[in-house]
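Morning, everyone. I will take a few helix pairs and then a pocket. Please look at the screen.

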Amino acid sequence: MRSVFYIVIVLIYYEMRILLLLISISLIESLSAQDYFHYLQFAEEAKEAQDPYGALKYYEKAFALDSSDQALQFAYAEALEATHYYIEAERLYQKIYLKGRGRNFPQGAARIAQLKMYTGEYETAIKFWNRSLRHAIDNNDEQRIQQRMRSCSYALSHPLAIDSIIIVNAGEGINSIESEYGADLFGESVLLFGSLRGDYNDELELGKADGYASRIYRSERDSYGNSAATLFNSLGDSL
């Protein structure tokens with residue numbers, strides 16, 4: 001009888017451990033699901049506030065919890081593209097596009113083609129632009145796609161001599177996580193360029209959406225490099 005009693009106790013002990021384990025797993029899954037939907041909500045709010053980096057941060061957190069949701073894959077890819085992570089965005093677009101051979105993501109070919117152009121892969125870009133012609137919305141869209149293909153063909157037939165290009169990092173005083181573009185050097189020392197910038201907090205959340213705008217910045221160049229960029233005053237600053 002005593003041995004039977006011990007066996008029953010052992011069985012109850014292991015059953016309780018299994019039950020506690022199942023409860024723990026259920027709680028963890030429940031908390032993860034809550035976090036997942038919260039991250040999606042925060043990402044959408046950041047997107048509506050025109051805060052691309054904030055949206056990227058929360059889509060990335062949600063993606064880490066569930067990478068199988070196709071709607072999330074697309075939203076995450078868009079966020080990567082909006083923040084200039086073109087290679088990562090193109091990889092996700094490709095994954096979505098290939099799942100249904102383009103049927104579930106008809107605009108995918110054009111998205112991939114555009115990113116291929118950004119990264120200088122013009123031959124592959126032409127291939128995907130050709131595919132996107134099947135899904136052209138109207139005649140204007142078709143003409144736009146054909147123009148993109150002509151641009152790719154021109155780039156392939158007029159390659160730049162790599163040895164004639166010198167790339168110099170202007171330093172942290174100029175470069176930021178924002179979009180810098182259209183730089184012009186005036187004389188030997190004054191650099192003017194456009195930049196899309198905003199004020200962010202420690203959580204990479206944009207303070208005011210209306211403060212996220214393109215402006216012209218100015219920097220002085222000397223033998224030590226470029227000075228920190230400041231807003232260009234067209235009335236008071238000299239070139």
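H3 and H4 are roughly antiparallel to each other, because an angle over 145 degrees counts as roughly antiparallel. Before the details: this is a predicted model, in which local features need pLDDT of at least 70, side-chain atom pairs count only at pLDDT 80 or more, and totals for chains, interfaces and linings use all residues. Residues are numbered from 1 along each chain as its sequence is written, and side-chain values use heavy atoms, with hydrogens and water left out.

The names come from DSSP runs, numbered from the N terminus: helices are H or I with at least four residues, strands are E with at least two.

Back to the pair. The axes of H3 and helix H4 (residues 86–99) cross at roughly 155° and come within 8 Å. Axes here are lines fitted to C-alpha atoms, for helices over the stretch in contact, and angles run from 0 to 180 degrees between N-to-C directions. Contact means heavy atoms within 4.5 Å. On the H3 side the contact includes Phe-74, Tyr-76 and Leu-80, and on the H4 side Leu-92, Tyr-93 and Ile-96. By class, the contact of H3 with H4 has nine nonpolar, two polar and five charged residues. Nonpolar means Ala, Val, Leu, Ile, Met, Phe, Trp, Tyr, Cys and Pro; charged means Asp, Glu, Lys and Arg; the others, Gly among them, are polar.

What does H3 (residues 70–82) pack against at about 145°? That is helix H2 (residues 52–65), with the two axes 9 Å apart. Among the residues that meet are Leu-56, Tyr-59 and Phe-63 in H2, and Leu-72, Tyr-76 and Ala-79 in H3. This contact has eleven nonpolar residues, one polar and one charged.

Next, helix H5 (residues 108–118) and helix H6 (residues 122–132). Their axes come within 8 Å and cross at roughly 160°, so H5 and H6 are roughly antiparallel too. Ile-112 and Met-117 are among the H5 residues in this contact, and Phe-128 and Trp-129 among those of H6. The classes are nine nonpolar, three polar and two charged.

Last, the pocket. Thirteen residues is the count for the lining of the largest pocket, and Val-168, Ala-170, Ile-174, Ala-183 and Leu-191 lie nearest its centre. Strand E1 (179–186) and strand E2 (190–197) are the elements that give two or more residues to that lining. E1 gives the largest share, four residues.

Key: Angles under 35 degrees count as roughly parallel, over 145 as roughly antiparallel, 65 to 115 as roughly perpendicular and the rest as oblique. On a 1 Å grid over the protein atoms alone, a cavity is a set of points where a 1.4 Å probe fits but cannot get out, and a pocket is an open set with protein on both sides within 12 Å along at least five of seven lines; lining residues have an atom within 4 Å of a point.
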